[in-house]
Amino acid sequence: MSKSPISSREGSLEAPTRHPLDWQNPEFYNEAPLFEELERVFDICHGCRRCVSLCDAFPTLFDLVDESETFEVDGVDKKDYWKVVDECYLCDLCYQVKCPYVPPHDWNVDFPHLMLRAKAIQFKKGERKLSHKLISGTDRAGKIAGIPIINQAINAANKSPAMRKVASRVMDIHPEAHLPTFHRDTLKKRNRKHKPRAMQAVKAGPTRGRVALFATCYCNYNEPDIGDDLIAVFEHNELPVRLTEKESCCGMPKLEQGDLETVDKLRRKNIPQLVSLIDEGWDIVAAIPSCVLMFKQELPLMFPQDEDILKVKQHIFDPFEYLLHRHKADLFKTDFNQQLGTVAWHVPCHQRVQNIGPKTRQVLELVPGTEINAIERCSGHDGTYGLRNDTWAKSQKIARPVISRAEKMEADYLVSDCPMAATQIANGLDLKHGESSPLTLLRKAYGI
């Protein structure tokens, strides 16, 4: 085993830094150095155990160690390392909020990137399940499910216990996992005639006052109302809004499968169009935190020298991040006509790791008669993890503390910037108004 260098301090005083992902290097897919690094990092994690409450990857690792003959990592069968890899859904919270040994610390621990490398090797070897590849094809699934007759059949099948049993066997989707509705009237279709309002663009901080909405697969096919709410709120704040003309999946579902080649293909479809819009003076906004994170962090780490990707990174925003920049310049309207009462706000992992702060909370608290109670803990959904047969029950276990906290709040509304997380939490609650998006609440507060 490669020994970690001796350090006299537990953690760094400096802010965490992230090294680029060297995924195009052939050595990246070599299993021998992968297992050497897995053993080194697992040994550090075993000695620390600070991340035990985050997800099931760490309890899985610690159980393997504690049940081994040596009570150390060297007693664990290397084949069992894959059990740890399969439990990681790349939320990045261990890196951002828990681990004291991330770079620039000498031990240079990047657990999520190590898991991603392992998943990429699995994918390269053809060891990822076909069903997982299919469920991560969100764009293709949305397009197929949008065809009229197929649309009705799929939505009906998703509600049929008998068909869900079939889906469990064929697609590895747990019979009790919540599946979203697919809309024929997608966000793109219902806004195909939408034209940006003729308003003068006014700069505020890094925002330039003109917004192009990256619809995202989920908002386009499954939750188009969220996109409509975003457009309404932004236009109420005198921001011209348009939709991107052609877009593909951001690539996050494929990244989570280790399918980096497909991530690259999607990059080549999306980035030129986004750069063209940016060059025309448009800022980019997306309502799903994972999609914003993909362009802000994951693609720049995969292509650190690509100037176009770095340009998109500088000009893509979380919606509430954008609105708060406007507020600081006295350009955000506060003409609210409805109080929101008590709001339980779940903070999605992929929003937290953007390091933008609680912007959603800060904007919603501008509404008179509104109290925001934040829940900063993973909902357990995390894309396909909350759907699959072998991980659904674990995802429910991870969600339980979040559901408990939301229940104790007895809030008027439950919201999450991630609609999938909101649904995961709401399934365990009896809510006054049902789960919602913060953008929907903001529109309600305006009365528009």
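A residue counts as partly exposed when its relative accessible area lies between the buried limit, under 20%, and the exposed limit, over 50%. Arg361, with a relative accessible area of 28%, is therefore partly exposed. The structure is a predicted model.

**Salt bridges**

- A search of the whole structure finds 27 salt bridges.
- Arg361 pairs with Glu365, and the closest N and O atoms of this salt bridge are 3.2 Å apart. Glu365 has a relative accessible area of 39%, so Glu365 is partly exposed.
- Asp185, Arg190, Asp225 and Asp228 belong to one network, joined by salt bridges that share partners.
- Another salt bridge runs between Arg49 and Asp66, with 2.8 Å between the closest N and O atoms. This pair links distant parts of the chain, 17 residues apart: Arg49 sits in the loop between helix 1 (31-48) and helix 2 (57-66), while Asp66 belongs to helix 2.
- Arg49 has 27% relative accessibility and so counts as partly exposed. Asp66, with a relative accessible area of 37%, is partly exposed.
- Arg208 and Asp283 form a salt bridge through their side chains, at 3.0 Å from N to O.

- Four strands make up an open sheet with parallel pairing, in the order 2-1-3-4.
- The edges are taken by strand 2 (241-243) and strand 4 (316-317). Each of these has a single partner strand, so one side of each has no neighbour in the sheet.
- Strand 1 pairs with strand 2 in the parallel sense, over 3 bridges. Within strand 2, Arg242 is the residue that stands opposite Ala212.

- The pairing of strand 7 (residues 413-416) with strand 8 is parallel and runs over 2 bridges. Leu414 has Glu435, in strand 8, as its bridge partner.

**Surface patches**

- A patch of positive charge on the surface is formed by Arg140, Lys143, Lys265 and Lys269.
- Helix 7 (138-145) supplies at least two residues of the positive patch, and so does helix 14 (260-279).
- Lys143 is part of helix 7. Its relative accessibility is 52%, so Lys143 counts as exposed.
- A nonpolar surface patch consists of Ile144, Ile147 and Ile150, which together have about 230 Å² of accessible area.
- Ile144 is also in helix 7. With a relative accessible area of 40%, Ile144 is partly exposed.

Key
Residues numbered from 1 in each chain as written. Predicted model: local features only at pLDDT ≥ 70, side-chain atom pairs only at ≥ 80, totals over all residues. Heavy atoms only, no water. Patch = residues over 30% accessible without salt bridge, like charges linked within 9 Å, V, L, I, M, F, W, Y side chains within 5 Å. Areas by Shrake-Rupley, 256 points an atom, 1.4 Å probe, with all protein chains shown as cover. Salt bridge = Lys/Arg side-chain N within 4 Å of Asp/Glu carboxyl O. Lys, Arg positive; Asp, Glu negative; His and termini not counted. Charge placed at Lys NZ, Arg CZ, Asp CG, Glu CD. Buried < 20%, exposed > 50% of the residue type's maximum accessible area, 1.4 Å probe, protein only. Pairing = 2+ DSSP bridges.
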